[in-house]
Amino acid sequence: MSTRMTLDQFCDYLAERLDAPSGSLDPDLDVRTEMGLDSIEMFVLVVSLEDLDVDIPPNLMPHLRTIRDAYVQYENSLAHRRTG
Amino acid sequence: MDAPRLTGRHVRLRTVFPSDYEYLYALATDEELGWRWRYRGASPSPELFQQQLWNGVLAQFVVEHVETKQRVGFVQAFDASERNGHVHFAVMTDPAVKRSGWIIESMLLFLDYLFTVWNFRKLYAEVLEFNYEQFASGAGSVFKVEGRFTEHEWHAGRYWDLLILALYREDFVRDWHPRVEQLVATDNGAGR
C-alpha cells in the first residue's frame, strides 16, 4: 500500500484484519492489557503490519503497546522508504 | 490442499537432532516454562527426558528462526489414533521470544502439516485454565472446547480446570489453511 493512511484508516485496516467492527479500535489502549488481544490476535496484528512493509524487530515487540505505537512504526517505515 | 509447509515468514520447523536434546531439556525444565509443560515443574533426569522425548510421538520439530537459526520453540504431535482419526499436539515457546508471535506462526504451520500429511479428523490439545486466555480468541473459529476436567491440577495454591480443545479438519481447512498461506507467505523466498 503506497498511499499513507491516516490513523483512523490504519485502525480500520487493523480492525478488518482482526475481524473487529470498523471504528472499534481505540489507538491509545494497551493492546494486551486493555484491549485484551491474545497471542493469536497479536500475531495477526504483527503480520498485518508486516503486510504494510512495517518491520517489527523482536526487540521492539514488548514496546508495541498501543495501535498508536504501531502507527508510529508505520510512519517511520514510510519515511525510511521515501529517503531510501 | 497444497504440499505441507514447514517454513513460514519468520520461523521454520526442522528435524529434532540429538544436538537439540540439551536445549529441549532446558526448555522443559525452564523456570518460567517448566511448570506449564509436561513435567509441571518436576525435574526429570536428562536420561529420562531423552527417553520420554520420543515416547508416543508421531511427529515433532524444533522451531527455529529462519534467518538467525535461533531455536525458539518446539512442537509435538503424540498419542495418535489413526483408527479413530485424532492426535494430540503441544506447543512450547522459548521464554526469550514469548512476545514475538512466532509461536503462533509455528503452531499454524504445524497444524497445517498434520492435517495435510495425515487424514486426521481432529487434533486435540490440553490447556490449563490459566493458559487458555492466551488463545481464547480462537474459540469457535480455530478450535472448540470439547471437554473440561474441573479442578484437575494443583498450582500456586489452588486447583485449576484442564480444558480439552479440539480442532476439526473441516474448520481448519476452510477457515485457517488459506490464512496460513497468507500469514506465512514469504517474499518469493527472499524471506523477511
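The model is a predicted one. Chain A contains three helices and zero strands, while in chain B seven strands form an open sheet whose pairing is mixed.

**Chain A: overall form**

- Read from the N terminus on, the elements of chain A follow the pattern α-α-α, and its C-alpha trace spans about 35 × 30 × 20 Å along the principal axes.
- A compact globule with 84 residues would have a radius of gyration near 12 Å, and because chain A has 12 Å, the value agrees with that expectation.
- Of the 84 residues in chain A, 46% are buried.

- The strands of the chain B sheet are arranged in the order 1-2-3-4-5-7-6, with strand 1 (11–14) and strand 6 (144–155) as the edge strands, each of which pairs on one side only.
- Neighbouring strands of this sheet are turned against each other by 25° on average, direction ignored.
- In general, the strands of a sheet pair through backbone hydrogen bonds, and they do so either parallel or antiparallel.
- Strand 1 of chain B runs antiparallel to strand 2 (residues 57–65) of chain B, and four bridges join these two strands; Arg12(B) has Glu64(B) in strand 2 of chain B as its bridge partner.
- Helix 1 (residues 21–28) of chain B lies across strand 2, strand 3 (71–81) and strand 4 (86–93) of chain B, and runs at about 85° to strand 3 of chain B.
- Helix 3 (residues 102–117) of chain B lies across several strands, including strand 5 (122–128) and strand 7 (158–168) of chain B, and runs at about 160° to strand 4 of chain B.

**Aromatic rings**

- Over all chains, the count comes to 13 aromatic pairs.
- One of them is the tilted pair of Tyr71(A) and Tyr74(A), with 5.7 Å centre to centre and 35° between the planes.
- Tyr71(A) and Tyr74(A) are separated by about one helical turn, because they are three residues apart in helix 3 (residues 67–83) of chain A; Tyr71(A) is buried, and Tyr74(A) is buried as well.
- The ring centres of Trp118(B) and Phe120(B) are 6.0 Å apart and their planes lie at 35°, so this pair is tilted; both Trp118(B) and Phe120(B) are buried.
- Trp118(B) and Phe120(B) form one aromatic cluster with Phe61(B), Phe110(B) and Tyr113(B).
- Arg158(B) lies over the face of Trp160(B), at 3.6 Å from the ring centre.

Key: Residues numbered from 1 in each chain as written. Chains lettered and ligands numbered in written order. Predicted model: local features only at pLDDT ≥ 70, side-chain atom pairs only at ≥ 80, totals over all residues. Heavy atoms only, no water. Phe/Tyr/Trp six-rings, centres within 6.5 Å; stacked < 30°, edge-to-face > 60°. Buried < 20%, exposed > 50% of the residue type's maximum accessible area, 1.4 Å probe, protein only. Lys NZ or Arg CZ within 6 Å of the ring centre and 35° of its normal. Pairing = 2+ DSSP bridges. Axes fitted to C-alpha atoms, helices over the stretch in contact; angles between N-to-C directions. Contact = heavy atoms within 4.5 Å. Rg over C-alpha atoms; globule rule 2.2 N^0.38 Å.
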